[in-house]
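We will walk through the chains one stop at a time.

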Amino acid sequence: MSEASDKQAKSQRGDPGFLKRTWAMVVKEFVQMRRDRMTFATMIFIPILQLVLFGYAINTDPKHLPTAVLTRDDGPLTRAVLTAMKNSDYFEFVAQVRDPAEIDRMLASGEVQFAVEVPASFERDIRRGDRPSLLVIADATDPVATGTAISAVQGLVDTALKRELRGPDDSIEARAPPFKLTLQRRNPEGLTQYNIVPGLLGVVLTMTMMMFTALAVTREIERGTMESLLAMPIKPVEIMIGKIAPFVLVGFVQMAIIISAAHFMFGVPILGSVPLLIALTTLFAAANLAVGYTFSTIAENQLQAVQLTFFFFLPNILLSGFMFPFRGMPHWAQWIGEVLPLTHFMRIVRGIMLKGNGFAEMRIDVLALALFLVVAMGLALLRFRRTLD
Amino acid sequence: MKEIAIDVHGLTKSFGSRVVVRDLSLKVPKGEIYGFLGPNGSGKTTTLRMLCGLLTPDAGDGTCLGYDILTQQEEIKRHVGYMTQRFSLYADLSIRENLEFVARVYGVANPRRAAKAAIDRLGLSGRAEQLAGELSGGWKQRLALGACILPNPKLLLLDEPTAGVDPKARREFWDEIHGLAADGITVLVSTHYMDEAERCHELAYIAFGELLAKGTAAQVVGQSGLSTWIVSGPNLHGLAIELRNRDGIDMVAPFGAELHVSGRDSRALDAAVEAAKKEDGSHRWTRGEPSLEDVFILLMDSVKDNFAA
């Protein structure tokens with residue numbers, strides 16, 4: 001018995017057929033992928049659709065944001081400031097209120113996204129050089145929508161006042177800015193707009209990659225083709241690699257679509273190295289494919305496989321830092337997040353694109369992804385049923 | 001002494017508490033077409049799967065082509081062609097792509113050329129690019145057999161290969177199998193059809209997981225100890241109902257315009273027939289030969305009784 005298994009192990013190690021059989025599997029999977037129009041369409045359309053949907057939300061230059069105004073001062077300076085804001089097209093004054101409580105209510109209900117409060121002696125204080133405070137409150141739960149408008153306010157008001165204060169009050173202008181802009185963000189933890197598009201790369205890859213391989217084994221079982229596949233001299237590891245490899249290429253295509261859209265359509269910078277980004281995204285795609293393949297060996301049919309992927313997908317989206325700031329979550333949630341591949345990829349992709357990180361800063365996350373890949377593949381091989389028992 | 005292709009002893013397999021195959025031993029000589037018969041759910045498919053390494057037997061051992069079925073499944077898979085009962089090639093691959101896949105997995109030297117040759121041999125040259133799923137039942141079977149023999153196996157395990165295939169296609173299929181056997185390939189084929197059983201060199205009959213009879217068709221009939229009378233005349237249906245209740249008559253089966261009346265004990269059967277003749281002289285009685293089907297149905301009934309008891 002032990003002698004026989006010894007012999008088997010030996011023949012497996014130096015097996016020249018390994019590549020041939022794996023290649024057979026890869027070719028087969030490619031043809032099937034190409035022929036399954038629905039799947040093929042999903043591969044391309046999911047990233048595009050998500051980008052369009054999210055892209056709408058992350059319109060980096062949103063205009064006509066509903067704004068409430070509370071003025072306790074009615075002088076020409078106040079009017080000049082408000083007119084300038086209005087002319088910028090960023091703000092649309094939809095309500096004139098008298099009570100600060102009213103502002104709170106309207107912000108909370110989402111009726112307005114901004115509120116501007118001009119203090120009682122705004123004009124007089126400016127002319128005296130007292131630097132009064134102009135309060136702008138932003139609903140930053142949608143930071144993407146309010147981001148640019150906020151950054152525009154200071155400039156807008158400055159210019160308006162400069163124009164107005166020309167002449168006798170030149171001296172005041174010279175000490176500009178003559179007022180304090182007090183910015184209140186509701187939801188100070190808010191993400192910046194750039195966080196979303198790179199994150200989207202991770203989300204799309206998680207969803208599509210996992211789904212494709214999750215169906216890989218169960219589909220063969222359901223269609224009855226597993227029976228003859230198992231009767232052939234092909235090994236579980238060859239089947240696994242043969243099924244995962246073609247989808248790495250699909251991940252490549254999705255990556256190309258999303259990164260170019262992020263860069264060219266939404267102006268997300270890529271500060272770090274593009275080859276590094278591609279290499280690590282490929283690693284991430286492979287890790288997800290391996291997870292999907294593992295699910296495929298656990299589930300008994302395609303429906304179960306899909307359910308399993310959703311079960312895994314949700315915490316990935318919620319706890320990875322894609323939706324909520326990672327450090328703002330309770331500790332237990334952070335712990336769960338740490339074992340999800342998307343969490344590490346979020347750090348990698350945001351690190352490379354937005355912070356210009358290199359490999360050294362991210363080696364722990366890279367290691368985590370690699371570990372994930374190896375563990376998932378090992379588990380899949382353990383779970384893979386070589387017989388129909 | 002002839003070379004033995006399959007030699008297994010005491011194969012037993014259960015799923016849960018249900019014993020599907022019980023203590024089955026089989027010896028199939030090389031180059032022979034060995035028929036594997038039995039009703040649905042009798043354990044034929046399970047046995048074939050144990051032989052090609054798809055299932056692990058709970059008990060028993062043996063060899064296939066000299067390789068141990070418990071430890072050398074890899075070698076067995078390399079040299080055995082297994083044709084599943086249900087079409088199990090890829091419906092969304094074309095005929096050519098399916099065959100090329102098989103050729104590559106088995107490490108055939110030039111997969112494209114091997115697939116092309118198989119397509120020509122199957123007479124499918126014009127349809128190489130057609131999807132396998134779009135083929136009719138008969139062509140699917142031919143393709144499946146073609147895929148099985150492409151890597152030049154030494155043993156074929158065919159699980160009801162002609163179920164649902166028209167008579168002409170069946171005939172061609174069997175001609176092909178005889179051709180393969182003539183080339184030295186051993187074929188173990190399971191079937192429901194009696195005419196196919198008679199085309200086999202040797203038979204094994206299995207019901208409820210137990211091997212009930214084996215040998216050539218003539219041997220199986222001879223071993224059964226069954227005697228048969230053939231009756232013709234008016235109102236055979238009424239006569240059949242009446243005869244079934246008589247002692248000594250185990251089986252009455254209509255065959256066209258005749259009834260086959262059989263019994264295990266020839267003396268008791270003759271007595272019963274004499275009595276029936278006396279009561280109603282309008283029928284013509286002649287001695288006949290029991291058919292394989294008679295023998296198998298009788299075998300099946302006898303085991304069912306054992307199981308009920």
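How many Å separate the centres of domain 1 of chain A and domain 2 of chain A, taken over C-alpha atoms? Those two centres lie 46 Å apart. To see them, select residues 17-57 together with 193-383 of chain A for domain 1, then 65-186 for domain 2; these bounds come from an automatic or database domain assignment.

Before you go on, a word on the model: it is predicted, local features need pLDDT of at least 70, side-chain atom pairs count only at pLDDT 80 or more, and totals for chains, interfaces and linings use all residues. Residues are numbered from 1 along each chain as its sequence is written, while chains are lettered from A and ligands numbered from 1 in the order in which they are written.

Next, select chain B. Colour 4-215 as domain 1 and 222-308 as domain 2; their C-alpha centres are 36 Å apart. Twelve residues of domain 1 of chain B and eight of domain 2 of chain B make up the contact between them (C-beta atoms, placed from the backbone, within 7 Å). On the domain 1 side, α7 (194-197), β9 (202-207) and β10 (210-215) of chain B each give two or more residues (DSSP runs numbered from the N terminus: helices are H or I, at least four residues; strands are E, at least two). β10(B) has the largest share of that side, four residues.

Finally, show both chains. Here 25 residues of chain B are in contact with 26 residues of chain A. On the chain B side, select α2 (73-79) and α3 (95-105), the elements that give two or more residues. α3(B) gives the most, with four residues.

Definitions and conventions:
Two residues are in contact if their C-beta atoms, placed from the backbone, lie within 7 Å.
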